[in-house]
Amino acid sequence: MPQKSPQTAHYIELGGYQYWPVLVPRGIRLYTYEQIPAFLRENPYITDGYRAYLPSRLCVKSIFILSNETGNIWSHLLGFLLFFCLGVYNMASVLPAVGASREDYVIYGIGLFCFQVCMLCSVGYHMFCCHRSEKTSRRWMALDYAGVSIGVLGCYVPGVFYTFYCNDYWRQVYLVTVLAMILAVFFAQIHPQYLSTAWKRLRSLTFGLVAGYGLVPTVHWICITGGFSSELVQAFVPRVLGMYLIAALALVFYVSKVPERYFPGQLNYLGSSHQVWHLLLVLLFYWWHQSSSFLMAYRHSQPCPAPQHT
Ligand SMILES: [Zn+2]
């Protein structure tokens with residue numbers, strides 16, 4: 001009987017599975033691409049190692065087994081720990097050392113908190129996507145998308161705050177527009193229609209707009225900071241370009257499904273495009289955190305030039 005009803009499959013899932021006797025505890029089995037429900041079929045080049053039809057309790061337990069989501073779950077769980085520890089370390093030693101103000105603590109806190117939320121939403125999705133209820137799985141997917149927009153907010157807030165440190169007016173204009181834009185995207189992402197194929201183009205468009213908008217304050221900042229002859233611009237622009245380069249690379253992997261496209265079935269557990277996307281996302285947030293820290297330290301060592309106060 002090749003066609004399984006979810007009922008039968010759920011029954012089988014509670015039985016023993018012999019392929020990975022050590023790594024797969026009793027109660028969870030893995031499925032091939034053909035065996036999983038339609039809503040989990042997103043990447044035909046990942047041919048095996050799927051968890052499916054699980055109740056919540058087993059979804060949580062499944063993070064300790066080797067499945068094709070293990071890399072995705074742990075990369076962002078460790079990413080969460082990285083930004084949590086970075087937050088504690090910054091608050092305890094980096095910020096006091098540069099004579100940070102209360103505002104600096106708030107901005108640092110917001111940035112790192114957003115990165116942690118993004119990581120946890122992703123962990124949640126990759127943990128619960130194999131839930132037996134499609135609705136639950138979809139909800140977590142929507143939350144994963146929303147988490148990415150929160151992560152982007154975590155990049156914008158310290159970036160805008162420290163680049164426009166000496167210009168209150170534009171700092172507020174950009175912070176408010178960024179916040180409004182991210183909130184709009186966030187609420188669109190949790191809309192039930194958001195994940196439908198009809199909204200596919202709108203999804204890419206909004207993501208492109210949110211990411212690309214960052215170029216507006218960047219170009220503006222270069223102009224008011226004295227153009228490319230300014231030392232600060234020369235030091236900071238490569239960091240901005242580096243961030244966009246990592247983001248572009250991450251998106252290329254995410255969309256193209258390279259390298260598993262060329263090695264179908266061979267990268268089921270390790271080395272798939274989604275794992276690369278996850279690692280690049282952690283690298284991007286870390287890179288941007290270090291870049292904002294550089295700007296903050298600069299602002300505390302160099303007073304704002306007088307003409308920009310007006
Ligand atoms: Zn993911």
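Me: Among contacts in the chain between residues at least 6 apart in sequence, what share joins residues at least 24 apart?
Reply: In this predicted model, 68% of the contacts between residues at least 6 apart in sequence join residues that are at least 24 apart. The chain has 10 helices and zero strands, and 35% of its 310 residues count as buried.

Me: What makes α5 roughly parallel to α10?
Reply: The axes of helix α5, residues 134-163, and helix α10, residues 273-301, come within 9 Å and cross at roughly 20 degrees. That angle makes α5 roughly parallel to α10, because angles under 35 degrees count as roughly parallel. The crossing of these two helices, α5 and α10, is left-handed.

Me: Which residues of α5 and α10 meet?
Reply: From α5 the residues are G151, C155, P158, G159, Y162 and T163, and they meet F285, W288, S292, L295, M296 and R299 of α10. Sorted by class, this contact of α5 with α10 has seven nonpolar, four polar and one charged residues.

Me: How do you know whether A146 is buried or exposed?
Reply: A146, which is found in helix α5, has 21 C-beta neighbours inside 10 Å. A residue is called buried if 20 or more other C-beta atoms lie within 10 Å of its own, and therefore A146 counts as buried. Not counting residues up to four places away in sequence, A146 touches C121, F186, Q189 and I190. A146 and C118 are 28 residues apart in sequence, while their C-alpha atoms are 8.0 Å apart in space.

Me: Which residues of the largest nonpolar core touch the most other members?
Reply: This core has 60 residues, and those that touch the most other members are F83, F115, L153, Y156, V160, L284 and F285. At least two residues of the core are supplied by each of α3 (70-97), α4 (102-128), α5, α6 (168-189), α9 (231-256) and α10. The largest share, 13 residues, comes from α5. Leaving aside neighbours within four places in sequence, L153 is in contact with C114 and I182.

Me: What makes K257 count as buried, exposed or partly exposed?
Reply: K257 has 18 other C-beta atoms within 10 Å. A buried residue needs 20 or more such atoms and an exposed one has 12 or fewer, with partly exposed in between, so K257 is partly exposed. The place of K257 is in the loop between α9 and α10, and K257 has a positive phi of about 55 degrees although it is not a glycine.

Me: How do you know whether the peptide bond from V258 to P259 is cis or trans?
Reply: The omega of the bond from V258 to P259 is near 15 degrees, and this peptide bond is cis, whereas most peptide bonds are trans. P259 is found in the loop between α9 and α10.

How values were computed: Residues numbered from 1 in each chain as written. Predicted model: local features only at pLDDT ≥ 70, side-chain atom pairs only at ≥ 80, totals over all residues. Axes fitted to C-alpha atoms, helices over the stretch in contact; angles between N-to-C directions. Helix = DSSP H or I, 4+ residues; strand = E, 2+ residues; numbered from the N terminus. Parallel < 35°, antiparallel > 145°, perpendicular 65-115°, else oblique. Left-handed = near helix turned anticlockwise from the far one by under 90°. Contact = placed C-beta atoms within 7 Å. Nonpolar A, V, L, I, M, F, W, Y, C, P; charged D, E, K, R; others polar. Core = buried A, V, L, I, M, F, W, Y, C linked by C-beta atoms within 7 Å.
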